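Student: Please take a close look at a single residue, and then connect it with the rest of the assembly. I should like the cut-offs behind each term to be stated as you go.

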Amino acid sequence: MRAAWCVVALLIASPLAAQPGTNGAIDPPLSPRNANYTIRASLDPRTRIITGSATIVWRNITARPTSELQFHLYWNAWRDTQSTFMRELALGGASDQIDANEAGRIDLSSIKLTAPTTADLMAAQRFIAPDDGNAHDRTVLSVPLSTPIEPGGSAAIDIAWTAHVPRTIARTGAIGNFFFIAQWFPKLGVLQDEGWNCHQFHSGTEFFADYGVYDVSLTVPAGWPLGATGVERERRDNGNGTTTHRYYQDDVHDFAWTTSPDYLVRTARFEHPTLPAVEMRLLLQPEHAGQAERHFDATRTTLKYYGEWYGAYPYGHITIVDPAWQSDAGGMEYPTLFTAGTRWLAPARVTTPEGVTVHEAGHQFWYGIVGNNEFENAWMDEGFNTFSTARAMWQVYDPNYLSLRYFGGFVPWVVRDIALTREHDGDRLAGYRRDARSDAQSTASFRYFPTTGGSITYNKTALWLNTLERWLGWPTLQRVMSTYFAAWSFKHPAPDDFFRTASDVSGRDLREFFDQTYRSSNVFDYGVQDLKSGRDGDRYRTTLVVRRYGEAIFPVDVLVTFENGERVTERWDGRDRWKLFVYERPARASSAVVDPNRVLLLDVNPINNSRTLAPRGQQAARKWSATWLVWLQDCLLSWAALA
Amino acid sequence: MSALRDGIRRVNSAPGILIAVWALTVLVSLPLAAVLRGMLETSLGSSLAADTAAGGVNYEWMQQFVEQASGVGVTFRPTIIGFAAVLDNLSAFIDDTTRPVVIVGAAATYVAAWIFLAGGIIDRYARGRPTGTHGFFASCGVFFFRFLRLGLVQWLVYAFLFGSVHVWLFDRLYPQITHEVTVEWTAFLVRLTLYLVFGILVAAAALIFDYAKVRAVVEDRRSMLSAVNSALGFVQRNYAAAVGLFVANFILFAIVVGLYALVAPGAGRSGVSFWVGFAVSQLYILGRLWVKLVFWATETSLFQSRLAHAGWVSRAPVVWPDSPAAEAIIRAN
């Protein structure tokens, strides 16, 4: 009964209660709508320059007054190699070179306060670097105000700028006549009770912004299909070879758009007995014309399963963008629009394009609707979404096979012998194992080491969520996540908000679990150290030593199997470094396994979890070395072609 | 076509050579496979993971193993399974992928062995009749140092092709051409074209070096530079036949690879069925070796036919000297 009431309450509180309009309007509002943008911008594809102006109406929803505004100017990360973004790229070993002709930048031409008073703010603006003090970084702009804006007060700002579209980098920019334009306008940071949260642009993290209304008019060459956040309300032919598209959307925290004369436009619809219908619009590369349905199907999968598990998608429409080849724009999320990514040769039963489509569509829920701070807690959307992606993928696309790519990466080969698994491949254990100790998850995401942060953000979270699923059961974890989703939709949750929800809903004190997974970089590694079984009179004496090799602690089962088929399962709290189990049985032991059900998916060494007294390691090694022998023979023959 | 038929006949009439080069391939590979086997056995230990690895594919273990591996172990990836292995090696060849030092070492040994055997093999095919073990190895010995010198020239040419031309084509020209390309198919066509250009250059070099070997053996040439020069002359004079034959041989190669693509065994087997699959793989290796031998035999046949000296070799068969002890016994009698 209590569960039933929870479901009713969730439904009432959920976005289902709001009615998505067909024009981007949502009534009643789902979010505070305190950062509202009316933007006019035009793109010159020849010079790759965007000229824009905006009216921003912002309301202070915190309890503190502010005497400044802070803006993100993300594209300045690519104006030279001295930005924090480029320095971090170099730290991670990537090229930090920028061709001057392909650099991106954004230059303000004016900024004025128009309400509550009027003032020209241009002279007082200055760049700040709150994260690292890098004087060369120009991605955060501070604009002092002569009169503070009190809690509940509002300000209107007129701002104009010119932006040079970079060669695609970090999922934005242009290549050929493909334009994907994201993080492209002066964007307000988030004022919190602690002050402005407006981080510099970092190479390893994404974004954070307040919800609002976006009313954006974009002028592009006539005849170029355009896709953007929201719904197209108006299209006007300017008679000069350009068309202005006006897009509108309530209750979103960002706005991205794309245009290219090459796009094929396809549409489809998602329908579900209990979830609101969603119109799907796909902008597809011509060479992927045959893959339209795969994109729609994967998006439907997300809308269905995420909708059933967490809550409904409230916008009524979604735009799927298939980015141009080597545009570096694939696999990215924006409100009501996302980029997928596929290949010209994309065999069936391989996770491209389904995997990336499900994942990026999934970000509409974890990022779009639940708006955590991606600079500081990227795991709260990326990790939740990686977990959810794997869960959804394995509902629909199982089996999925490993695909290898050859000849410059163009030619795929499907290894039918290797079916990918949700637990290992979907939750990405191998990547986590490699970087497990690189950072504690509680470190602010933008401070993770650039090249290993992804493993902590995506993989570790997916693994500990799946561990929770296996430990608490899916119904419990589903209740945890849907409760959290409902409570924090269109808000900015912090980690403790999720941890508290998890403990409250599950009815268990999960603090120790989160202390170890979130607040520490310790690893879990349980294993069988020794198994002996020998005759002792008319019975067999079996001794089993299990060991905690890692620092982290988790209760595990220990399964001992005897030759007469008897199975004994022990529960070990996993706290001591080792534990001895002794059995006097009529039969000899055959094997012992720690964590036989693989509850603890974070265990970095599953191979040492078991031991058998009838090992087949020799047989396996013989088989695999023979398989490798053939590869080597063939390899040698390739070289011998030159002899 | 007659050279092709004749060459195939010559290869088929000397199955011992095919068996010997197969044995050589196994011998060079086996020690490394044994090393890998030890590493795999240590990795699996008494774990139950071995059960799934023995009965099928334990991808999780494969990944964990390779993460911690060094030496030959780093090559233990899914790319070794079935036909993926062939694609992996072809792709690595044409893309000039760096291999671990230990693999390069094995390959160098293997190539050295082929350099040693080349004289004996071509001599056998050139004569078109059995030369006996003594005669075979005598020819190997006679030509080994000559082909070693030729090998140096080959190494310089291939080092230039792979070290400079390949880098220019694929690391500079290809990114330059495709810099603004937004259609994968277009980029693939560009890459295919560059593969073709590079492949023709490598094939041209291989063709000339093959005929240099053939001329060195048939005409008993000592100067390898003159052999290369003569080979170049021969190919120029008989361009259509030489290239046509090379293409025909390449088609044979493609047929062998294509057939293996159809029957290549996976790794999801165990027991007898796995070993049947292994035998199929060895048939494929034999097929590849057969094609390599057919290249030499057909080229030898073509060269001899164009000189109207079919089956003629200028150098008399080398008589392998008996050991001093045997000679002493013969003299005593």
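Tutor: Thr443(A) counts as partly exposed because it has 16 C-beta neighbours inside 10 Å. On this scale a residue is buried if 20 or more other C-beta atoms lie within 10 Å of its own, exposed if 12 or fewer, and partly exposed in between, with C-beta atoms placed from the backbone. This is a predicted model, in which local features need pLDDT of at least 70 and side-chain atom pairs count only at pLDDT 80 or more, whereas totals for chains, interfaces and linings use all residues. Residues are numbered from 1 along each chain as its sequence is written, and chains are lettered from A and ligands numbered from 1 in the order in which they are written.

Thr443(A) belongs to the loop between helix H7 (429-435) and helix H8 (453-472) of chain A. Helices (H or I, at least four residues) and strands (E, at least two) are DSSP runs, numbered from the N terminus. Along the chain, Thr443(A) and Phe410(A) are 33 residues apart, and their C-alpha atoms are separated by 38 Å.

Thr299(A) sits in helix H3 (residues 292-309) of chain A. Leaving aside residues up to four places away in sequence, Thr299(A) touches Met280(A), Ile318(A), Ile320(A), Thr357(A) and Ala361(A); contact here requires C-beta atoms, placed from the backbone, to lie within 7 Å. Tyr248(A) is 51 residues from Thr299(A) in sequence, and the C-alpha atoms of the two are 22 Å apart.

Chain A also contains strands. Two strands pair if DSSP finds at least two bridges between them. Strand S3 (residues 35-44) and strand S4 (residues 49-59) of chain A run antiparallel and are joined by ten bridges, and Leu43(A) stands opposite Ile50(A) in S4(A). Strand S28 (residues 526-536) and strand S29 (residues 539-548) of chain A likewise pair in the antiparallel sense over ten bridges. Asp530(A) has Val545(A) in S29(A) as its bridge partner. The hairpin of S28(A) and S29(A) has two residues between the strands, and Gly537(A) there takes a positive phi near 70 degrees.

Chain B has twelve helices and zero strands. Of its 333 residues, 41% count as buried. The contact with chain A takes 71 residues from chain B and 61 residues from chain A. On the side of chain B that touches chain A, H5(B) gives the most, with eleven residues. That side has 43 nonpolar, 16 polar and twelve charged residues, where Ala, Val, Leu, Ile, Met, Phe, Trp, Tyr, Cys and Pro count as nonpolar, Asp, Glu, Lys and Arg as charged, and the others, Gly among them, as polar.

Among the contributing elements is helix H8 (184-218) of chain B. The 35 residues of H8(B) should span 51 Å at 1.5 Å a residue, which agrees with the 49 Å between its end C-alpha atoms; the expected span is 1.5 Å times one less than the number of residues. After H8(B) comes Asp220(B), with a positive phi near 55 degrees.

How values were computed: Two residues are in contact if their C-beta atoms, placed from the backbone, lie within 7 Å.
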